[in-house]
Amino acid sequence: MLWGVVCLDHYTATGEILPGCGILHNAYHLRQLGVATQLVTRLGAADAAPVQRFLARNQIAVLEEGLLAPGACARIDVVVQPNGVARVTGFNPGVWTDYRLAAAEEQKLAAADHLHIVLTGPVLAEFMRLGAQGSLARPLVSADFLALHDFDLARFDAALRYVDIAFVGWPGAVDSPELAALSDCARARKVLAVFTLGERGVLLVEPGHAPEYIPVAPVAVAGSTNGCGDAFISYFLAEYWRSRDLNAAI
């Protein structure tokens, strides 16, 4: 099961509006890899058509109960810089304001073998509620914390109580005290944490092991970086769910 905000990406330079947000990127790549998933999300009935066409065209399974709500889809502005780096600004939650799961959605999430969540502000309260009531005990729970826009250290630590695998896109220095503190949280909670560092590589925090820095060969940006981290997570999960082979997944 996949759970999170699907939005409309507004590319500010061109005015183009496309279906987007991390969990939709995950759903796309996992479908391309032949992994059977079902997406739990919320769309605004007023402007959901582009997203619904994308779901149908790419044969992405979605839970229909609770899918459509009166109002508009969530929306973000995507600013692509000259070097191809995409910056996301101006999040408008739309139908995710005061978001609550439908009963059928909650039951599906609790019954999953694997559950991946893009853990942003609109989803966080419901995620913590499910965790506190024990509804996340069955699935192997992975969570994308993005660049921690919605988290300080205390909130990150609290959410890790209900997470087995944490992904964090870390934009800061590799030797920063903040990253060390996040790593310490994951180690204390015995959570597998994968800090993606873009072209600088990956910092892996595996329970029972010292943190390990894994370099990568940088790849020139073609187009924009929007969705690159989501693609990495999708390919990681497709392998890890199947084999539990951490090295192969990375």
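**Salt bridges, pair by pair**

A: Let's start with Glu106: this is a predicted model, and Glu106 counts as buried because its relative accessibility is 19%, with buried meaning under 20%.

Q: Which residue does Glu106 form a salt bridge with?
A: Its partner is Arg129, and the closest N and O atoms are 3.0 Å apart. The two link distant parts of the chain, with Glu106 in helix α3 and Arg129 in helix α4 (residues 121–132), 23 residues apart.

Q: OK, stepping back, how many salt bridges does the structure hold?
A: Six. One of them joins the side chains of Glu105 and Arg42, at 3.0 Å from N to O.

Q: What does that pair tie together?
A: Glu105 lies in helix α3 (residues 103–111) and Arg42 in the loop between β4 (39–40) and β5 (43–44), so the bridge ties together parts that are 63 residues apart in sequence. Both Glu105 and Arg42 are buried.

Q: New topic: what about Glu239?
A: Glu239 forms a salt bridge with Arg242, with 2.8 Å between the closest N and O atoms. They are separated by about one helical turn, because they sit three residues apart in helix α7 (residues 228–243).

Q: Is Arg242 buried or exposed?
A: Exposed: Arg242 has a relative accessible area of 62%.

Key: Residues are numbered from 1 along each chain as its sequence is written. This is a predicted model: local features need pLDDT of at least 70, side-chain atom pairs count only at pLDDT 80 or more; totals for chains, interfaces and linings use all residues. Side-chain values use heavy atoms; hydrogens and water are left out. A salt bridge is a side-chain nitrogen of Lys or Arg within 4 Å of a carboxyl oxygen of Asp or Glu. Helices (H or I, at least four residues) and strands (E, at least two) are DSSP runs, numbered from the N terminus. Buried means under 20% relative accessible area, exposed over 50%, partly exposed in between (1.4 Å probe, protein chains only).
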